[in-house]
Amino acid sequence: MMTTVDEKRNQFNLEIRMLLAVIDMIDGQERKYPDYNSKDNMNENDFLDQQLMLVREAKEKLISIFKD
């Protein structure tokens with residue numbers, strides 16, 4: 001079965017949000033993170049910007065946790 005680009009985008013976004021959920025469990029600061037929705041008709045650039053923002057947030061949260 002072929003995976004469409006939208007399915008891959010959804011999987012990618014879900015994995016990043018799951019990573020952030022694990023980090024939230026560690027630091028006790030739960031937040032909501034943007035979910036990718038193919039109905040939003042995000043272009044590739046907007047989608048990548050959104051995912052980069054999530055990954056940067058994960059990085060900053062991890063740095064904050066291990067900095068102490």
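User: Is Glu 60 buried, partly exposed or exposed?

Analyst: In this predicted model, Glu 60 is partly exposed, as its relative accessible area is 45%. The side chain of Glu 60 also meets that of Lys 59 in a salt bridge, at 3.9 Å from N to O. Lys 59 is likewise partly exposed, with a relative accessible area of 45%.

User: How many salt bridges are there?

Analyst: The count comes to six salt bridges. One of them joins Asp 35 and Arg 17, at 2.8 Å from N to O. This pair links distant parts of the chain, with Asp 35 in the loop between α1 and α2 and Arg 17 in helix α1, 18 residues apart.

User: Which residue forms a salt bridge with Arg 31?

Analyst: The partner of Arg 31 is Glu 57, and their closest N and O atoms are 2.0 Å apart. Here the loop between α1 and α2 supplies Arg 31, while Glu 57 belongs to helix α2, 26 residues apart. Because its relative accessibility is 16%, under the 20% limit, Glu 57 counts as buried. Arg 31, at 46%, is partly exposed.

User: What describes a pair of aromatic rings?

Analyst: Such a pair is described by the distance of the centres and the angle of the planes. In this structure the count comes to one aromatic pair. Phe 12 and Phe 47 form this pair, which is tilted, with 6.2 Å centre to centre and 50° between the planes. The pair connects helix α1 (residues 5–27), which holds Phe 12, with helix α2, which holds Phe 47, across 35 residues. Phe 47 is buried at 3% relative accessibility, whereas Phe 12 is partly exposed at 40%.

Key:
Residues numbered from 1 in each chain as written. Predicted model: local features only at pLDDT ≥ 70, side-chain atom pairs only at ≥ 80, totals over all residues. Heavy atoms only, no water. Phe/Tyr/Trp six-rings, centres within 6.5 Å; stacked < 30°, edge-to-face > 60°. Helix = DSSP H or I, 4+ residues; strand = E, 2+ residues; numbered from the N terminus. Buried < 20%, exposed > 50% of the residue type's maximum accessible area, 1.4 Å probe, protein only. Salt bridge = Lys/Arg side-chain N within 4 Å of Asp/Glu carboxyl O.
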